[in-house]
Amino acid sequence: MKLGFMNSELGTGTRFSVTLASLVFSLSSFVFFTACTDYQEEFENAFGALEYVHESSDSAPESSDGKTATKEKSSSSAKSSSSVAPASSGTAPMSSETVPTQSSEKSSSSSAKSSSSAESSSSAKSSSSAKSSSSSIAPLSSYNPPAGDYGEIEYKGQKYRTVTIGDQEWMAENLNFEVSGSSCYRDSTKYCDMRGRLYSWKAATTACPEGWRLPDSTDWAVLFKSVGTDAATHLKATSGWDSNANGNGDDAVGFSVFPAGGGSMSGDVLYYSSLTSGAVFWTNEKISDTEAWSVNIYWKNNDPEFIEGNINDRRSVRCIKGAKPLSSSSAKSSSSVVSSSSTTVSSSSIGKVKDRAGNEYPVVQIGEQYWIAENLNYKTENSYCYDDQESNCEIYGRLYTWDAAMTACPDGYRLPSQDDISILWDYANQMDGNSRPQDVLWVNGTWDARANNKTGFSAYPGGRWNGSYGQWLMRAYFWTSTEVNDNKNAHYLMMDDLNATVGPSWPKNYRLSVRCVKN
């Protein structure tokens with residue numbers, strides 16, 4: 001940024017003594033350096049480089065010039081800056097013009113505050129040394145959550161507010177416990193006091209208190225379903241999101257998500273960014289030796305999304321109480337938010353149906369068809385949970401061989417034919433109008449920011465088994481009843497965030513999700 005100064009022209013014949021000229025020069029220098037100091041402080045608080053946003057989204061409120069970085073030792077598996085944001089996550093890569101700069105503030109040996117500094121009114125954290133500059137970043141003690149029945153836990157001398165949402169109990173504040181592999185934004189303890197610490201994936205898996213744990217993707221999905229439509233809006237705090245407050249939420253359930261930014265590794269350099277525009281939380285699920293799943297809440301999006309991240313990146317942590325995640329059918333909708341069923345005048349809920357085990361499912365009308373709006377979770381022979389973990393069935397349903405799928409639907413419903421799927425697809429395409437019919441079929445907040453679930457079909461990415469389990473949280477596969485000529489294979493529907501395919505076939509012993517259509 002260039003700082004310009006307007007110099008007044010001096011009239012001909014004006015005379016100044018050497019002493020006066022020196023005084024004017026000294027005063028001008030003082031103003032100049034004061035302005036630079038104030039600008040640098042605001043820069044540190046308000047601007048970031050890497051933003052967790054889909055490539056088609058508009059520019060975020062932060063300056064693209066605001067890059068900050070700190071050198072740190074990294075494992076050889078850390079990705080280069082050009083690959084920090086996986087393509088499938090829909091995030092924007094960091095600019096190649098980023099210039100690493102050493103942080104001007106020293107990291108404290110410990111950022112954990114004593115419990116005496118916790119505010120009893122809201123259990124929000126503050127630090128007497130943490131300063132709120134001219135930006136929107138302020139100590140958490142200044143934030144008042146909505147009225148509610150909150151709990152509180154103390155961990156390592158610091159108190160945290162807790163909240164029950166549906167049948168889950170969560171920390172309502174970001175974890176701020178120092179462990180190896182964690183850091184403060186820009187290595188400054190004032191940001192830990194305001195937004196909690198940022199953790200590598202390995203550090204995050206060991207940081208939660210006893211009796212609490214790092215949530216998995218199912219925990220988050222149950223939370224989103226409990227909160228309902230526009231989950232990010234209802235989870236975000238009512239202040240702190242970008243300088244114009246355009247991204248603030250209504251904090252309807254007291255979860256109080258503030259933007260905390262994150263850090264991305266490139267070689268041995270850790271780049272911090274998105275302090276006022278993004279919040280990214282680790283799950284406990286790895287994708288590979290170098291990547292793990294996380295949840296992204298971005299300032300301008302109404303729904304959260306699952307994205308990939310390098311395990312050496314720095315992200316926030318929310319802990320959930322250690323009980324196993326509950327089934328989607330028992331997840332309670334908050335009375336203060338909209339129901340999780342997303343419907344329009346073109347699709348409407350017509351009630352519910354039970355399978356032969358008593359599990360209940362919503363039913364929606366889409367065009368002239370009536371569909372069960374959840375993946376089937378009726379346990380029968382040759383049906384399985386992803387990774388053979390029962391908790392994965394509780395929100396993503398079971399995976400069935402074709403023979404099992406043919407007999408699993410409730411009375412009055414059946415496995416759809418390829419023609420049924422084609423009718424659904426054509427209707428969705430007409431509703432969407434942009435050659436991405438999957439957008440109106442996807443459940444909100446699971447894949448892509450463009451998903452809107454206008455049909456109420458609520459497709460979940462439950463993965464598949466084709467000799468081994470795969471594509472969890474990435475793709476949805478649904479059997480059809482239509483066989484191919486050799487009777488050894490059957491057709492299916494596949495959807496992900498980029499593509500959709502109607503009509504390929506796979507061997508009948510593969511395991512896919514099931515959606516039922518009314519007879």
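Some conventions before the details. The model is predicted, so local features need pLDDT of at least 70 and side-chain atom pairs count only at pLDDT 80 or more, while totals for chains, interfaces and linings use all residues. Residues are numbered from 1 along each chain as its sequence is written, and side-chain values use heavy atoms, with hydrogens and water left out.

Disulfides come up now. A disulfide is a covalent bond between the sulfur atoms of two cysteines. The criterion here is a pair of cysteine sulfur atoms within 2.5 Å. By that criterion the structure holds four disulfides. Counting bonded cysteines along the chain, the pattern is 1-2, 3-4, 5-6, 7-8.

I will go through three of these. Cysteine 184 is bonded to cysteine 192, with an S to S distance of 1.9 Å. The torsion about that S-S bond is about -110°, so the disulfide of cysteine 184 and cysteine 192 is left-handed. Cysteine 184 and cysteine 192 are both buried; buried means under 20% relative accessible area, exposed over 50%, and partly exposed in between, with a 1.4 Å probe and protein chains only.

Next, cysteine 208 and cysteine 319 have their sulfur atoms 2.1 Å apart. Their link is left-handed too, at -90° about the S-S bond. Cysteine 208 and cysteine 319 are both buried.

Then there is the disulfide from cysteine 385 to cysteine 393, S to S 1.9 Å. Its torsion is about -115°, so this disulfide is left-handed. Cysteine 385 and cysteine 393 are buried.

Strand E12 takes us to the sheet. Three strands form an open sheet in the order E10-E11-E12, with antiparallel pairing; two strands pair if DSSP finds at least two bridges between them. Strand E10 (278-286) and E12 are the edge strands, each pairing on one side only. Strand E11 (residues 291-298) pairs with E12 over six bridges. Glutamate 291 stands opposite asparagine 310 in E12.

Finally, helix H4 (residues 217-227) lies across E10, E11 and E12, at about 135° to E10. Contact means heavy atoms within 4.5 Å. Axes are lines fitted to C-alpha atoms, for helices over the stretch in contact, and angles run from 0 to 180 degrees between N-to-C directions.

Notes. Helices (H or I, at least four residues) and strands (E, at least two) are DSSP runs, numbered from the N terminus.
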